[in-house]
Amino acid sequence: MNSTQASAGTRARILVAEDETIIRMDLVEMLIEAGYDVVGQASNGQEAIAMARELVPDLAILDVKMPILDGISAAEEIISIAPVLMLTAFSQKELVERARDAGVMAYVVKPFSIDDLNPAIEIAMSRHKQMATLAREVDDLNDRLETRKLIDRAKGILMQALSISEPEAFSWIQRAAMDRRMSMKEVALAVISPSAVPER
């Protein structure tokens, strides 16, 4: 079973939104063969939002360019319900940046295979869990964004220094915060600039 799937034995539930029928059918087949549960299929962003609200999937995979409502606009609405993975053409760099700013957790460039999708799905779901953890810790939105940036920087430092993955780096920060009775933001600051943290 894929590591992106719930430990209780349930398969990760995915909503797919892609306006090109053949690409959507191929994607759905790919996901099902990989062990995911495709709970909904939409052909535009508006349908995707409605389905996300109704089905509450574990992940939404959206194409960037769709009729009625594009994938990025749809993602802005869906982000509060589920993590979003974006499908994009290689030439759409500025759209990728817009998607990232909208809160999209990962993206895959077309044409893609299941080997491209699996790690992106894992990253999207892992980052979403991390954000949910941060949201519980930090109520204020501005503080949350600042905390997220600091933790992302600290994760990068830890990944390089300890040769660990992004989820492992996040877990390291989380554990350090609990062990030292500090906030995750304080731990991130300590990782980035140890001398800047006052003695307790």
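I begin with the largest pocket, which holds about 440 Å³ of space. Please bear in mind throughout that this is a predicted model.

Which residues lie nearest the centre of the largest pocket? They are Ile79, Gly103, Met105, Met131 and Arg148, out of 16 residues in the lining. Three helices each contribute at least two residues to this lining: helix 4, spanning 93–102, helix 5, spanning 114–137, and helix 6, spanning 141–162. Sorted by class, the lining of the largest pocket consists of eight nonpolar, five charged and three polar residues.

I turn now to the second largest pocket, whose volume is about 210 Å³. Its lining comprises 13 residues, and those closest to the centre are Val96, Arg100, Val104, Tyr107 and Arg127. Strand 4, at 84–88, helix 4, and strand 5, at 106–109, each provide at least two of the lining residues here. Which element gives the largest share of this lining? That element is helix 4, with four residues. As for the classes, the lining of the second largest pocket has eight nonpolar residues, four charged residues and one polar residue. Is glutamine 130 buried or exposed? Glutamine 130 counts as buried because its relative accessibility is 6%, and the cut-off for a buried residue is under 20%. The side chain of glutamine 130 forms a polar contact with the side chain of lysine 155, at 2.7 Å. Leaving aside residues up to four places away in sequence, glutamine 130 touches Lys155, Glu166, Pro167 and Phe170.

Finally, I come to the chain as a whole. How many helices and strands does the chain have? There are eight helices and five strands, and along the sequence they follow the pattern β-α-β-α-β-α-β-α-β-α-α-α-α. Of the 200 residues in the chain, 42% are buried. Among contacts with a separation of 6 or more, 56% join residues 24 or more positions apart. The chain exposes about 10900 Å², and carbon and sulfur atoms supply 52% of that area.

That concludes the presentation, and I thank you for your attention.

Key. Residues numbered from 1 in each chain as written. Predicted model: local features only at pLDDT ≥ 70, side-chain atom pairs only at ≥ 80, totals over all residues. Heavy atoms only, no water. 1 Å grid on protein atoms, 1.4 Å probe; cavity = no way out; pocket = protein on both sides within 12 Å on 5 of 7 lines; lining within 4 Å. Points joined across faces, edges and corners; volume = space filled by probe spheres on them. Nonpolar A, V, L, I, M, F, W, Y, C, P; charged D, E, K, R; others polar. Buried < 20%, exposed > 50% of the residue type's maximum accessible area, 1.4 Å probe, protein only. Polar contact = N/O pair within 3.5 Å; in protein donor to acceptor, adjacent residues only side chain to side chain. Contact = heavy atoms within 4.5 Å. Areas by Shrake-Rupley, 256 points an atom, 1.4 Å probe, with all protein chains shown as cover.
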